[in-house]
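Biologist: I would like to learn how to read a few features from a set of coordinates. Can we take them one at a time?

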Amino acid sequence: MNTSPFVQLTLVKLREYTREPEALFWVFLFPVLMTCALGIAFRDGETREIRVGVLGPSTSLGASSLVATLDADPRMSAVVVARDRADALLRDGGLALLVVPARPGGAVTYRFDRTRPESSVARFTVDEVLQRSSGRSDAFLPADDLVHVPGSRYIDWLVPGLLGMNVMMTSLWGIAFSIGMARAKKLIKRLSATPMERSHFLAAQISGRLIFLPVEAAVLIVFANVVFGVPVEGSWLLLTVIILLGAVCGAALSLFVASRARSFEATSGLINFAIVPMWIFSGVFFSSANFPGTIQPFVQALPLTALNDALRGVMLAGSGVRDVGHELAIMAGWTVACFGAALKIFRWQ
């Protein structure tokens, strides 16, 4: 058949995916499994008891009295803890707070790590219970106005990050890995002898990646929506454009990374060099705003940061094109720059 080299190379890329069960697992099942595991670990909708320890032997009347007082509150679960186990439980998260009973004429001591939010909450909750049991009364009774903002749960915030990571990381690994293996086996050198242009080969790598993209993204989004109720507040069309641009951006970056590497080991090292900063700084599992302001220009310039911010804007806040225009421009800039550079410096052997 007298077909275009681009079409033939795209079909070759398609066969590479379908003949590798490991690739299908990492592309389709791994994001779902990670979403399921983290969704269960950080699930909302049920009250978690605050784990509190009271220092002392189980035979101590003072420790037993404190445990009974704290355990009577439905928000807490209190136990007597021996001194030799107390530090380990605090360190490993087995306890949010340790109460040291008061000595004669003194007051109780709260031992906790204030850098842990749950420990700080436990400190004030325990203090409130013990103060009330000692006779303290409130000056007034406030009213609670409980609200639920759609998309405010951690799982809601997490899923767009996992989606962005999967879209970009599979592009990076899938394409660069394929090129590295083909170069190591001298396949690319053979292809250079065929009537094929460099642009055909590089463009086919991207098009082959995009074939599975709709199913890959849809599986994760639908699973998160059905199982955990993760919303999509904005336009599905805009969400599709963002995912498509993110995949193309990752593919272009992958082509640039693999364009000059002479061995598979070198390709793997360059991929990790490109991926690790984005894993750390781009806000997949925690907000990128946690990093100091001095490095924020670098953080915001990363393509995965832009992809994650755009996905969260559309899925959780219902953002429009104007709202995510800056992020789209960053990804488009990375795409053009990386593909242009790869097209210029790519070597066949």
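This is a predicted model: local features need pLDDT of at least 70, side-chain atom pairs count only at pLDDT 80 or more; totals for chains, interfaces and linings use all residues.

Biologist: How far from Cys338 is the nearest cysteine sulfur?

Modeller: A disulfide needs two cysteine sulfur atoms within 2.5 Å. For Cys338 the nearest such sulfur belongs to Cys249 and is 6.5 Å away, so Cys338 is in no disulfide.

Biologist: Is Cys338 buried or exposed?

Modeller: Buried means under 20% relative accessible area. Cys338 has 6%, so it counts as buried. Cys36 has 28% relative accessibility and is therefore partly exposed.

Biologist: Now helix 9. What span does it have from its first C-alpha to its last?

Modeller: The expected span of a helix is 1.5 Å times one less than its number of residues. Helix 9 covers residues 213–228, which is 16 residues, and it reaches 22 Å, close to the 22 Å expected.

Biologist: Which residues of helix 9 are buried?

Modeller: They are Leu213, Glu216, Ala217, Leu220, Ile221, Ala224 and Phe228. These lie on the same side of helix 9 because they cover an arc of only 115 degrees around the axis. Pro214 and Val226, on the other side, are exposed. Just after helix 9 comes Gly229, with a positive phi of about 70 degrees.

Biologist: Which residues make the nonpolar surface patch?

Modeller: Phe25, Leu29 and Leu33 make that patch, of about 270 Å². A patch residue needs over 30% relative accessible area. Leu29, in helix 2 (residues 21–41), is partly exposed at 49% relative accessibility.

Note on methods. Residues are numbered from 1 along each chain as its sequence is written. Side-chain values use heavy atoms; hydrogens and water are left out. Buried means under 20% relative accessible area, exposed over 50%, partly exposed in between (1.4 Å probe, protein chains only). Helices (H or I, at least four residues) and strands (E, at least two) are DSSP runs, numbered from the N terminus. The arc is that of the directions from the helix axis to the C-beta atoms. Patches are made of residues with over 30% relative accessible area and no salt bridge: like charges are joined within 9 Å, nonpolar side chains (Val, Leu, Ile, Met, Phe, Trp, Tyr) within 5 Å. Accessible areas come from the Shrake-Rupley method with a 1.4 Å probe; for residues, only the protein chains shown count as cover. A salt bridge is a side-chain nitrogen of Lys or Arg within 4 Å of a carboxyl oxygen of Asp or Glu.
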